[in-house]
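Thank you for making time for this today.

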Amino acid sequence: MRSLISELKTHWHQPAEGKYVPYKEYVDVVFAVGSNYAGSKVLEYITFLSSCYLIMYHYKLPYLTFSVISILNMPLGYISALMWWFVCDNLGFLPKKTERKLYAVYVGMMLFGISTILFDYSRLFDPSSPFITYLNGLEGMNATACFKTFGTHFLYTGWVGARNIFWRKKLLPKYGRYKYSLYCDVIPKCVMVILIGWLPVYNIPDVATRVWVANLLFATFNVFGFANNLETCTRSISPNLQERILVRSYPVKISHFFHTIVSIILPVIIGMLRYEWADINVYRYVIPITFIVLAIFTMFFAGRVKERIPQPPVEKKVQINFWDGMFGVLHNKYLLINKIVELIDSLGNGMLPFVTIIYFYTFRLSGLPYSLLVALISFAGTPPDLMSPYFLKRFSYKQIMIFYQVTRALGNALIAGAMWFCGDNINLCGTICVVVMFFMEMTKTVPTTAGHDMNVRIGDYQMYLSGERLENFSGVYGWFTGPVTSFVGLIIPVLLLRYGFNSNWDVLFIDDSRRNIIVIPLLVDVVGFLLMTIPYFFWDYDSKKQNMVMEVLKRRAEVTEKNALEAGETVSGSYKG
Amino acid sequence: MSKKTNNTEEPVILNIPDDEIWTYQVEGLAPPRINKPYRHFTLKKIIFALTIIVAVSVSCWFSVQTIQTDTFKYNSTENGYELTKFSNTGNITVLDIDFVSDIEYESDNPDVMSNFKIKKDTSKKVTSVGKYALNCDEKIKVITIGKDVTDIDPKAFYSCYALQRFDVDENNPNYCSVDGVLYTKDMKRIICHPCDHDAFLAEQFGFTQYDENGVPTEPDVNSKEYDRYVEQVLTFVVPSSVETIGELCFNYANIKNVYLPEGLKTVETLGFFKMTQLSSIYSYKGEAEVSRFESEEALGEVYVSLPDGLYFIGSDAFSYNQSLSYMYIPKSVTYIGHHAFWDTVYKQDNSLAGVTAINAEASAEAFEAVQTGNNWRPQYDYLLFKKSVDIIYNAKRGTE
């Protein structure tokens, strides 16, 4: 104990040799990540999906409409992704001419988007033409709504794209690649969180109009991000592998306690409202106040957490052209393994949140009992997570990930079995579900830590291969797999529709419908989890290789900076490790 | 690789000369490729682009096919055709279920509200309506059931919020409609009370008024005509022949008072689900052939709450009806499903409102024989947890 205190005192401001993070920063990580993570979790209550309570209880949009919108957005999504990847993986630093061209394209997109919202382009077509009648036949949509939804995506893409270049270039050298966006997005995000609860868009009587206006509102909301950026930042907090795992296992894990507290208090407050989760005051008061408080905390601590990726100064970084980006990620074997796993995981796409259904529709939980059960289950992962450094030393990532997929398959199969065979007996079925979920949570946290570290390693390896992390160009795999995943992801919604699930979640009160709606997608997921074990048999990227890669990256940063300084050039944003 | 050496921190020292920093290859990994030309670059680009284009196009086509919903979907059965799915184009307000139908558009009519007609194939009879054939439709106001439809699933017309009435061909052997409500032909089972039936009655009795946005409004509670509005539009008398309230029958119905016949035996799952206005349940001993309320005298002896003789109350039968304030369980009841009276009690100004107790005619011992599902009693927030309301055994039926 004494030596621990002495160690803490000695290295409170200055890290030990071979390490990079002073212990004071461990404390900062707790508060920074804690508030950022809890805030981002609060935002999960506001999503343009049928599982969002605002959509579920107030907008009441047809379930299949969300799939229709994603397909409408798909073509532009492919085109805009090209520009996005190019900008992001060059960290916003582009040749002047290229930058001007991109701005022109983005502004053009915004103008077109605005015009579709102001004018009804469907009037340009013959209303009885097959094209317009097809659009009118889409679930929850009509031709007007389709054009406006299409235009909204143009507006969104243009707006986000232009902001991306502007803010990235301005803020990234100072704040690093992972947390800069918090600084430019936090205030508008707070405003949008307030507006989304107070704008009475859900009162629009016509469903097609409600769909496109809601889509516009949520698109504007999504322009501004408040993701879990600081935790992402901590994944690259040190070039030392062991130190990364320590930060991940202790301060980051402790920081999640903030979210646990919020997830207990929030449902209790909501349970006191007259209509509980269906009460609009959840979105007018509870969510905005909680989010804004957490956002303030986040911004207070954000500057104290540092990212430490060995990299050359941004002025001297490797310029990634389009094809280098494309082929660069295709040469990354370990990224390919991960993407195959993601592809198989898409078998569960479109599935409803079965845990929420079990809580709300099987057990009818609300208030404190709901909070306690959620807290109990999420706590189950904490003790094993504190042991993560041991497990990650004792077992290979391959073993851990295969074990993880098998336990998911087994757990889901048990829950499906309980729902099917003893769904009528709420106490028995409920006990089985809770016990299984408890064990699933217990076996989840170590693989999650391993998964995060695998992703960081993949980024480091990519940097070794291509000179940049190419985290955005890696989206090219989505070009191969994305269309397939969205097609596969439509199978479950169509099945759910057959079992009665549409815009009215009350169908889940009907026992046999609820059983089918939960069990059938769960079984599809079981197959997916078993198949997901296969790619991991090819993972052979061990710590020795990773350490060598880090040495190469450090050496590159060191030599590049030295050469730049010798040439009398000003440099920024580098880290030599 | 030994599993025990997975994450060992062996120090690595690499002596990389300055001019090899971008080319140095780590043992066991692929060599770096930074700003280096690719072999067969053009060919690779072409293959890449073609692969992407084909993959994206094929998958987009599949995806679009999946979301395209035909207006009518049928399955062929032994006796004819089953309507399995109706997806409204957005402008269909009247639906005939008699023959296999399809939409035909008129190219010379630019008005989207009227530029189509429903074409029927009279050689293909529809004989059944499947589960969730209509689901969350917000436009259909009238459904006409043809003479050959002999089987309608209880969940066939789920959450049709704009549905005002059913019309059934009088030659249909299995079903009939009375005042727009769907029954079996023998009138022993009430199948579906349309969600917006009150709009139909309001129109019929001349109560329909519209606000400045064209939305129908109810008469003001303090107006002279309000009592008459409640009697003629918001009161429903279940005919005396009815023995079963079907599954989902009255869900979301805008009814304030309901009169149940003493011969009623069963209220099935979600029979009176989420009727937010339902404040009074009465039972009557007399004869009533129609569902319109004339006067209590016409119904014979009337008493409050559930009728004597009722023995089955399905799950969620009365749940989410917070306007109810009294519930009496007659001793004839032998089964109460789970959550039968869920969320019918709530807190208001620190006191309980709604169904604050369950009055049971039976004694505590006799009531033990009743088969009850989980959480069948209403529950309210109590010291941050939930508490079920009390059961008052040997209770006398209340008076209004």
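Predicted model: local features only at pLDDT ≥ 70, side-chain atom pairs only at ≥ 80, totals over all residues.

Let me start with chain A, whose secondary structure comes to 26 helices and zero strands. Its radius of gyration is 25 Å, close to the 25 Å that the globule rule gives for 577 residues, so chain A is as compact as a globular protein of that length. Along the principal axes, the C-alpha atoms of chain A fill a box of roughly 70 × 60 × 45 Å, and 49% of its 577 residues are buried. If we take the contacts in chain A between residues at least 6 apart in sequence, 82% of them join residues at least 24 apart.

Chain B, by contrast, has four helices and 31 strands. Here the radius of gyration is 31 Å, well over the 21 Å that the globule rule gives for 400 residues, and chain B is therefore more spread out than a compact globule. Its C-alpha atoms fill a box of roughly 105 × 65 × 50 Å, again taken along the principal axes, while 36% of the 400 residues of chain B count as buried. Of the contacts in chain B with a separation of 6 or more, 54% are between residues 24 or more positions apart.

How do the two chains meet? In this model, 71 residues of chain A are in contact with 71 residues of chain B. On the chain A side, the largest share, 11 residues, comes from helix H26 of chain A, residues 543-566. Sorted by class, the residues on that side of chain A divide into 37 nonpolar, 22 polar and 12 charged.

Now to the helix pairs within chain A. Two packed helices are described by the angle between their axes and the distance between the axes. In the pair formed by helix H4 of chain A, residues 63-89, and helix H7 of chain A, residues 143-175, the angle is about 15° and the axes are 10 Å apart. Since angles under 35 degrees count as roughly parallel, that makes H4(A) roughly parallel to H7(A), and the crossing is right-handed. Among the residues that meet are A:Leu72, A:Leu76, A:Met83 and A:Trp84 in H4(A), and A:Phe150, A:His153, A:Phe154 and A:Ile165 in H7(A). By class, this contact of H4(A) with H7(A) has 11 nonpolar, seven polar and no charged residues.

The second pair is helix H16 of chain A, residues 354-362, with helix H24 of chain A, residues 511-531, whose axes come within 11 Å and cross at roughly 155°. H16(A) and H24(A) are therefore roughly antiparallel to each other, and H16(A) passes H24(A) in a left-handed crossing. The contact is made by A:Phe354, A:Ile357 and A:Tyr361 of H16(A) together with A:Arg514, A:Ile518 and A:Leu522 of H24(A), which by class gives five nonpolar, no polar and one charged residues.

Is B:Thr344 buried or exposed? B:Thr344 counts as buried, because it has 26 C-beta neighbours inside 10 Å. Leaving aside its neighbours within four places in sequence, B:Thr344 has contacts that include B:Phe318, B:Leu324, B:Val355 and B:Pro378.

Key
Residues numbered from 1 in each chain as written. Chains lettered and ligands numbered in written order. Helix = DSSP H or I, 4+ residues; strand = E, 2+ residues; numbered from the N terminus. Rg over C-alpha atoms; globule rule 2.2 N^0.38 Å. Buried ≥ 20, exposed ≤ 12 C-beta atoms within 10 Å, placed from the backbone. Contact = placed C-beta atoms within 7 Å. Nonpolar A, V, L, I, M, F, W, Y, C, P; charged D, E, K, R; others polar. Axes fitted to C-alpha atoms, helices over the stretch in contact; angles between N-to-C directions. Parallel < 35°, antiparallel > 145°, perpendicular 65-115°, else oblique. Left-handed = near helix turned anticlockwise from the far one by under 90°.
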